[in-house]
Amino acid sequence: MAQQEQEWFSTWFDSPYYHILYNNRDEQEAEQFMDKLLTYLHPKPTEKILDLACGKGRHSVYLNSKGYDVTGIDLSAQSIDHAKQFENERLHFAVHDMREVYLPEEFDFILNLFTSFGYFENETENVVALCAVAKGLKHGGKLVIDFMNTDLTIANLVAEEVKEVDGITFHIHRGVENGFIVKTIRFADNGEDYCFVERVRALRMEDFVEYFGMAQLRLAEVFGDYDLRPFNPASSQRMIFVLKK
């Protein structure tokens, strides 16, 4: 898909600094979340799972280690290149833009975890992406989208933060601009100054519900945290949508 200029996520996620800054993400929490999700979704060993926006494939590898047939797709060629070392006959990776249909009616479950949605500048592209994703589901298949609880996130935004990782001092600024939660990350390394920006659309429950209608997906459940407790707008950290085709 030709873009007028490079989109922020196509450069930042490919940068080694992205992986340095976020190298301490809680893998144990992520694995416990996926275990709970698997218990809830109860996939059969024969069913196929798509890990949408899989990054370097850690979660795909974990799901596959539990005995599942998993495909991970991501826009970042470098991340997929890294992930491919883990491939086996029931674990595959491919570079793919979620705005385009990957494999029509191929998957029983599609998982989009850890706020990997809402990056596109143009809101229409979120709907385009969701429609493309829905087309990848078999009839009766389920899609899980794990997004932040936007209102709570904005209420608790830490405007300025300094983080030192591997001898690099990251200066992080957070704010809300034109309907996006924007994180600006500045740092210097080897005498070079760098600045990266993360922009995630401040999508609320009603936005998602509208999108789901357009993609002809039925909302089956909304969880509010990684323990799969019910969603509470005032206190839940996450909005975890379970959708059915």
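In which helix is the place of Tyr-17? Tyr-17 sits in helix α2, which spans residues 16-21. The legends below describe close-up views of a predicted model.

View 1. Strand β2, residues 69-74, pairs with β3 in the parallel sense, and 5 bridges join the two. Within this pairing, Ile-73 has Ala-94 of β3 as its bridge partner.

**View 2. Nonpolar cores.** The largest nonpolar core has 50 residues. The members that touch the most other members are Trp-12, Phe-117, Leu-130, Leu-143, Phe-170, Phe-208 and Leu-217. Not counting residues up to four places away in sequence, Trp-12 touches Tyr-17, Tyr-18, Leu-21, Tyr-22, Ile-185, Phe-196 and Glu-198. Another core, of 24 residues, lies apart from the largest one; Phe-33, Leu-41, Ile-49 and Val-242 are among its members.

**View 3. Surroundings of Tyr-17.** Tyr-17 counts as buried because its relative accessibility is 10%, which falls under the 20% limit. Leaving aside neighbours within four places in sequence, Tyr-17 is in contact with Trp-12, Ile-168, Phe-170, Phe-187, Asp-189 and Tyr-194. One of these residues, Asp-189, also makes a polar contact with Tyr-17, side chain to side chain, at 2.6 Å. Asp-74 is 57 residues apart from Tyr-17 along the chain, and 18 Å separate the C-alpha atoms of the two.

**View 4. The ring pair of Tyr-17 and Tyr-194.** The structure holds 16 aromatic pairs. In the pair formed by Tyr-17 and Tyr-194, the ring centres are 4.8 Å apart and the planes stand at 45°, so the pair is tilted. This pair links distant parts of the chain, 177 residues apart: Tyr-17 belongs to helix α2 and Tyr-194 to strand β9. Tyr-194 is partly exposed, with a relative accessible area of 26%.

**View 5. The ring pair of Phe-208 and Phe-241.** These two residues form a tilted aromatic pair, with 4.8 Å from centre to centre and 40° between the planes. Phe-208 lies in helix α8 (residues 205-214) and Phe-241 in strand β11, 33 residues apart, and the pair links distant parts of the chain. Both Phe-208 and Phe-241 are buried.

**View 6. Surroundings of Arg-199.** Arg-199 is part of strand β9, residues 192-201. With 17% relative accessibility, Arg-199 counts as buried. The side chains of Arg-199 and Glu-121 make a polar contact of 3.3 Å. Apart from neighbours within four places in sequence, the residues in contact with Arg-199 are Trp-8, Gly-118, Tyr-119, Glu-121, Glu-177, Phe-180, Ile-181 and Val-182.

Key: Residues are numbered from 1 along each chain as its sequence is written. This is a predicted model: local features need pLDDT of at least 70, side-chain atom pairs count only at pLDDT 80 or more; totals for chains, interfaces and linings use all residues. Side-chain values use heavy atoms; hydrogens and water are left out. Two strands pair if DSSP finds at least two bridges between them. Helices (H or I, at least four residues) and strands (E, at least two) are DSSP runs, numbered from the N terminus. A nonpolar core is a set of buried Ala, Val, Leu, Ile, Met, Phe, Trp, Tyr and Cys residues joined through side-chain atoms within 4.5 Å. Buried means under 20% relative accessible area, exposed over 50%, partly exposed in between (1.4 Å probe, protein chains only). Contact means heavy atoms within 4.5 Å. A polar contact is a pair of N or O atoms within 3.5 Å; within protein, one must be able to donate a hydrogen and the other to accept it, and residues adjacent in sequence count only if both atoms are side-chain atoms. Rings of Phe, Tyr and Trp (its six-membered ring) pair if their centres lie within 6.5 Å; planes under 30 degrees apart count as stacked, over 60 as edge-to-face and the rest as tilted.
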